[in-house]
Amino acid sequence: MATELPRFTLPLPAETFLERHWQRRTLFMPAAASGLDYPDADTLAGLALEAEVESRLIRGAGEGPWSLQQGPLEEDAFEGLGERDWTLLVQSVDHFLTPVSLLLDDFGFVPGWRLEDIMISYAAEGGSVGPHFDQYDVFLIQASGHRHWKIGPHCDDAAPQRTDTPLKMLAHMPCEQEFHAGPGDVLYLPPGVAHHGVASDSDCVTWSVGFRAPDYRDLLAEMVAECLANQPEQLYRDAGRAPCPDPGRLEQNDLDNLLSASLGLLDRAQAARAVARWLSTPRQNGLDFIVDEEQIRAGAPDAALVRHGGVRLLRQGDHAWLNGECWTLDAEQAALVDLLAGQRRYRNDQLEPLLTRSAGELLNHWIDQGFFAPL
């Protein structure tokens with residue numbers, strides 16, 4: 001059992017990183033992470049068998065051929081893979097393995113709602129997912145083994161893609177930078193930066209901390225659905241209108257009336273609720289996976305309470321949003337939620353001053369629901 005919990009430390013001030021690198025420039029950070037021994041390959045393979053877990057098994061290298069097998073996998077999927085050129089990827093491992101989620105406390109230099117999840121890959125020598133780019137920020141953390149990274153230019157959806165693989169893979173990626181990552185090394189990539197990582201040896205485990213970048217189209221769809229959910233039918237009315245000069249035209253006055261009445265259904269307060277609900281909903285439901293309390297106690301003996309890795313918690317005004325559900329807070333509960341939302345493990349000296357009657361009742365209810373676990 002690993003006794004050290006995962007840690008990441010920016011090797012420069014957060015202000016400098018955000019000003020110079022965040023969504024702008026690649027940054028390689030040697031020896032910036034530690035405590036990455038858990039989960040091992042067997043644990044990852046076990047997760048890939050679970051129906052609730054999103055996983056992929058990729059085989060191939062270079063020009064191919066490439067194959068993609070979507071999870072959940074069967075146990076015999078790992079038979080006959082050989083010693084080279086394959087990768088297992090398991091998505092949202094932090095949602096299922098709470099000790100993994102504790103790494104996210106070290107990314108407090110950006111708002112918690114910006115964090116998405118931690119994907120972990122296990123690769124045999126030569127294993128890769130090919131040259132590609134992501135539409136979100138990502139920190140690639142080498143846990144074990146070594147990976148050779150080639151970094152290309154900034155790309156967008158117009159970049160030519162290969163059509164002969166089941167993967168989203170760039171047809172051509174000129175190399176602008178190269179890094180050889182060993183255990184503890186961290187590579188930050190802004191959105192759209194092309195990259196190609198290849199395992200240099202066996203037992204190559206890489207953690208990928210991905211960030212949530214809401215698509216405004218999705219947010220607008222959520223807002224519209226929220227605002228219309230309880231709206232009664234409202235039909236167009238035009239009593240008292242003047243005679244129509246040309247029945248084949250859509251007159252500007254009619255168009256303006258239609259637009260104003262329709263857009264008037266979008267209530268800002270209701271739209272804000274839709275956004276908070278969307279941002280507080282986890283990528284996957286991992287609450288059925290128990291918290292490994294023993295491992296967390298071993299790595300953090302002073303911890304008294306831990307948030308389940310499958311919980312997203314936001315404070316917004318006098319409301320808490322927990323996994324898409326809204327809770328109205330009094331002032332004492334709000335002070336507790338500020339602590340609970342701002343980190344993932346808690347000491348008694350942090351909790352006790354905040355545990356008034358109403359705050360204690362709220363926390364006990366959340367513990368009963370499995371959102372938090374006493375240690």
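Guide: Cys155 has a relative accessibility of 12%, so Cys155 counts as buried, the cut-off being under 20%. This is a predicted model. The closest cysteine sulfur to that of Cys155 belongs to Cys175. The two sulfurs are 13 Å apart, too far for a bond. A disulfide would need the sulfur atoms within 2.5 Å. Cys204 is in no disulfide either. For Cys204, the nearest cysteine sulfur is again that of Cys175, at 17 Å. Cys204 has 0% relative accessibility, so Cys204 is buried. Searching the whole structure gives zero disulfides.

Now for the record. UniProt, in an unreviewed entry, places the feature "domain: JmjC" at residues 99-228. Over residues 99-228 the chain is 37% strand and 12% helix. The end C-alpha atoms of this stretch are 40 Å apart.

S8 covers residues 138-144. Gln142 is found in this strand. Its relative accessibility is 1%, so Gln142 counts as buried. The side chain of Gln142 has polar partners. One is the backbone oxygen of Ser144, reached at 2.8 Å. Another is the side chain of Thr206, joined to that of Gln142 by a polar contact of 3.0 Å.

Phe139 also sits in S8. At 0% relative accessibility, Phe139 is buried. Turn to the aromatic rings here. The structure holds 20 aromatic pairs. In one of them, Phe139 meets Phe8: the ring centres are 5.6 Å apart and the planes stand at 65°, so the pair is edge-to-face. Phe8 lies in strand S1, residues 7-8.

Ring pairs link Phe8 and Phe139 with Phe17, Trp22, Phe107, Phe109, Tyr188 and Phe211. Another ring has a charged neighbour. Arg212 lies over the face of Trp278, at 5.3 Å from the ring centre.

At the start of H9, a side-chain oxygen of Asp330 reaches to within 3.1 Å of the backbone nitrogen of Glu332. Several H9 residues are buried: Gln333, Ala334, Leu336, Val337, Leu339 and Leu340. An α-helix has 3.6 residues a turn, so residues three or four places apart point the same way. Within the buried set, look at Gln333, Leu336 and Leu340 as one example.

Tyr346 lies in strand S18, residues 345-347, and Phe372 in strand S19, residues 372-374. The pair therefore ties together parts that are 26 residues apart in sequence.

Definitions and conventions: Residues are numbered from 1 along each chain as its sequence is written. This is a predicted model: local features need pLDDT of at least 70, side-chain atom pairs count only at pLDDT 80 or more; totals for chains, interfaces and linings use all residues. Side-chain values use heavy atoms; hydrogens and water are left out. Buried means under 20% relative accessible area, exposed over 50%, partly exposed in between (1.4 Å probe, protein chains only). Helices (H or I, at least four residues) and strands (E, at least two) are DSSP runs, numbered from the N terminus. A polar contact is a pair of N or O atoms within 3.5 Å; within protein, one must be able to donate a hydrogen and the other to accept it, and residues adjacent in sequence count only if both atoms are side-chain atoms. UniProt positions are given in the numbering used here, feature names are shortened, and annotations may be inferred rather than shown by experiment. Rings of Phe, Tyr and Trp (its six-membered ring) pair if their centres lie within 6.5 Å; planes under 30 degrees apart count as stacked, over 60 as edge-to-face and the rest as tilted. A charge sits over a ring if NZ of Lys or CZ of Arg is within 6 Å of the ring centre and within 35 degrees of the ring normal.
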